[in-house]
Amino acid sequence: MRDEEIRLENEVVERSKSDPRVFGELYERYFDRIYYFALRQTGDEDVAGDLASQTFVNALHHLPHYQFRGLPFSAWLYRIATNEVNK
């Protein structure tokens, strides 16, 4: 991702903090990627779907605490997904 894309994405993240409906943009952009990550880790489609869903539930719940650090939002999502897989 280019710096401009990261900056624009962060604007969506910041808007999502005050309007959870905006979070749907991030969900649509990243759900498949998180799902396939979980599928590669587990080899089970049902488990991967559950883990991907839980990743986004956790992300939305903890979104007020998210702090932009110059990285794509997906880096934070993958960390959450990794934690879900390792539970």
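Guide: Helix α3 (residues 45-62) packs against helix α4 (residues 73-85) at an angle of about 125°, and their axes lie 9 Å apart. The two are therefore oblique to each other (angles under 35 degrees count as roughly parallel, over 145 as roughly antiparallel, 65 to 115 as roughly perpendicular and the rest as oblique). This is a predicted model, in which local features need pLDDT of at least 70, side-chain atom pairs count only at pLDDT 80 or more, and totals for chains, interfaces and linings use all residues. Residues are numbered from 1 along each chain as its sequence is written, and side-chain values use heavy atoms, with hydrogens and water left out.

In the contact (heavy atoms within 4.5 Å), α3 contributes residues including Leu 51, Phe 56 and His 62, which meet residues of α4, among them Trp 76, Ile 80 and Val 85.

Phe 56 also takes part in an aromatic pair with Phe 23: the ring centres are 6.3 Å apart and the planes stand at 65°, so the pair is edge-to-face (rings of Phe, Tyr and Trp, the last by its six-membered ring, pair if their centres lie within 6.5 Å; planes under 30 degrees apart count as stacked, over 60 as edge-to-face and the rest as tilted). Phe 23 lies in helix α2 (residues 23-42) and Phe 56 in helix α3, so the pair ties together parts 33 residues apart in sequence. Phe 23 is buried, at 5% relative accessible area, and Phe 56 is buried at 4% (buried means under 20%, exposed over 50%, partly exposed in between, with a 1.4 Å probe and protein chains only). Phe 23, Tyr 27, Phe 31 and Phe 56 form one aromatic cluster.

Key:
Axes are lines fitted to C-alpha atoms, for helices over the stretch in contact, and angles run from 0 to 180 degrees between N-to-C directions. Helices (H or I, at least four residues) and strands (E, at least two) are DSSP runs, numbered from the N terminus.
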